[in-house]
Amino acid sequence: MFLGSHCSTAGGVWAALERAESIGAESCQIFVKNNMQWFGKTLAELDVQRFFKLREKSPVRVVFAHSGYLINLGGPDSPNRVKSIRSLIDELNLAGQLNLPFLVLHPGAHLGTGTEKGLAQVVAGLNEVFSATKGLKVRVALENTAGQGTCLGENLEDLAMIIGQVKHSERLGVCLDTAHLLASGHDVRSSEGWNNVISEMKRLVGLDQILAFHLNDSKPGLGSHVDRHEHIGKGKIGLEAFRHIVNDKRFSGVPGCLETPKSDDLHEDRENLAALRSLLAK
């Protein structure tokens, strides 16, 4: 895996690359706009050009985006769902400005209507989004969830169902979060448990559809359905479990990014990356 972290774009989208380089990252996840606002401004051309210039010489191998947290395609018809669709269209266009390969998206929450109706809403929403962004190559990587509340996507079958029913399935992929896997009941702490998850993904969608990993330890335990990230080796997954994850040769060219708490000096990212790299086979 190309190990890295989510990096802030404060000061300009290009600044995320500088932060990624400063922690020795090989991959980098960013927000293309404020993650707690519905819509963002078109990226300034000077910022985009500076981003591209840094990319040319950067050791960061893969840069991709994560969608904002307000977006929910799974809820019932409402003004917020309309804004969610518009917001995702906006973010895909912003990601397109930066030539990013994909954008990670939580499937959403059904908000009480039930899983079946919620998943149908996600499919309909993505169809609308892809119809409005026909000229873009940016894909959407559906992220598995912890299953907290009415959130969709804790079952891997849900992700496969969405991919199978969306009209332009070539625009979709998957991002697997280790903390979410544990919280949703997948015991990835053993190599057997990890291989069971990967075998299931191979059966459901194919391994080439796994576009990224979020490498997070989990504060809550197995099957808790609570989404709380922890530093590598400090949570219920534990350091040793990440050995078979980061050494899985099937994903040697796939980004694996941290989404763990951090302070301004980013020392936590450096420590977490060092912990993961200490596990790599020599």
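Modeller: I start with K33, which forms a salt bridge with E91, the closest N and O atoms being 2.8 Å apart; a salt bridge here is a side-chain nitrogen of Lys or Arg within 4 Å of a carboxyl oxygen of Asp or Glu. K33 lies in the loop between β2 (27-30) and α2, while E91 belongs to helix α3 (residues 79-97), so the pair ties together parts that are 58 residues apart in sequence. The helices (H or I, at least four residues) and strands (E, at least two) are DSSP runs, numbered from the N terminus. Both K33 and E91 are buried, where buried means under 20% relative accessible area, exposed over 50%, and partly exposed in between (1.4 Å probe, protein chains only).

Before going further, please keep in mind that this is a predicted model, in which local features need pLDDT of at least 70 and side-chain atom pairs count only at pLDDT 80 or more, whereas totals for chains, interfaces and linings use all residues. Residues are numbered from 1 along each chain as its sequence is written, and side-chain values use heavy atoms, with hydrogens and water left out.

K262 forms a salt bridge with D269, their closest N and O atoms being 2.8 Å apart. In that pair K262 counts as partly exposed at 34% relative accessibility, whereas D269 is buried, with a relative accessible area of 0%.

S263 lies in the loop between β10 (255-258) and α9 (267-277) and is partly exposed, with a relative accessible area of 26%; a polar contact of 3.3 Å joins its side chain to that of H267. S58, in the loop between α2 (45-57) and β3 (62-66), is buried, with a relative accessible area of 13%, and its side chain makes a polar contact of 3.4 Å with the side chain of E21. Leaving aside neighbours within four places in sequence, S58 is in contact (heavy atoms within 4.5 Å) with L17 and E21.

As for the setting, the protein has nine helices and ten strands. Its radius of gyration, taken over C-alpha atoms, is 18 Å, close to the 19 Å that the globule rule (2.2 Å times the number of residues to the power 0.38) gives for 282 residues, so the protein is as compact as a globular protein of that length. Along its principal axes the C-alpha trace spans about 50 × 45 × 30 Å, and buried residues make up 55% of the 282 residues. Among contacts between residues at least 6 apart in sequence, 77% join residues at least 24 apart.

Notes
Polar contact = N/O pair within 3.5 Å; in protein donor to acceptor, adjacent residues only side chain to side chain.
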